[in-house]
Amino acid sequence: MGASGHCLCGKVTYELSGEPIATAVCHCSHCQRQSGGAFSVNVIALPDQLTVTGELGTYVETGENDDGEYVHRRFCPSCGSPIVSEMLQAGIVAVKAGTLDDTSHIRPAVEVWCTDRQPWVELAGIPMSMEREG
Ligand SMILES: [Zn+2]
Ligand SMILES: [Zn+2]
């Protein structure tokens, strides 16, 4: 299918080609803090599928475990919108679904990091949930 998106100010745009691997809701405390919301919605894809135009800032985040896993959380330096998290060890990227130009097709298939879920959050129609990351 393919999709496009942009940050709040429009200085960063991107194209996502082909079929994504999955759409996932992440309840982890880091996504809550970065987004300022209760969870993040992520379109999971391979790095090759994503083409970003414009400059991204990068926050290098060390994982909560000690095995050296880390995530590059990338954002628009002008408006601060989170655009994509690059999971380098896993070889996947998580595009922040709220930045898509058309979100009407978004149907999350899985919830992860449910241990950190805020108690009032009840999401209907998501087939799979995991206590921690997939
Ligand atoms: Zn921006
Ligand atoms: Zn998360």
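How many bridges join strand 1 to strand 2, and in which direction do the two strands run?

Reply: The model is a predicted one. In it, strand 1 and strand 2 run antiparallel and are joined by four bridges. Together the two strands form a hairpin, with six residues between them. Within that turn, Gly10 has a positive phi of about 90 degrees.

The two faces of strand 1 may be considered next. In a regular strand, side chains alternate between the two faces of the sheet. In strand 1, Ala3 and Gly5 belong to the covered face, whereas Ser4 and His6 belong to the uncovered one.

The discussion now turns to the zinc ion (ligand 1). Its protein donors are the SG atoms of Cys7, Cys9, Cys76 and Cys79, lying 2.3 Å from the ion. Along the chain, these donors follow the spacing C-x1-C-x66-C-x2-C. Cys9 lies in the loop between strand 1 and strand 2, and Cys79 in the loop between strand 7 and strand 8; this pair, 70 residues apart, links distant parts of the chain. Cys9 is partly exposed, with a relative accessible area of 37%, and Cys79 is also partly exposed, at 27%.

Finally, there is the geometry of the site. The ideal angle for four tetrahedral donors is 109.5 degrees. Among the four donor atoms of the zinc ion (ligand 1), the angles are 106 to 114 degrees, and the site is tetrahedral.

Definitions and conventions
Residues are numbered from 1 along each chain as its sequence is written. Chains are lettered from A and ligands numbered from 1 in the order in which they are written. This is a predicted model: local features need pLDDT of at least 70, side-chain atom pairs count only at pLDDT 80 or more; totals for chains, interfaces and linings use all residues. Side-chain values use heavy atoms; hydrogens and water are left out. Donors are N, O and S atoms within 2.8 Å of the metal (3.2 Å for Na, K and Ca); water is not among the atoms, so sites may look incomplete. Four donors count as tetrahedral if all angles lie between 85 and 135 degrees; four count as square planar and six as octahedral if opposite donors are over 155 degrees apart and all others between 65 and 115; anything else is irregular. Buried means under 20% relative accessible area, exposed over 50%, partly exposed in between (1.4 Å probe, protein chains only). Two strands pair if DSSP finds at least two bridges between them.
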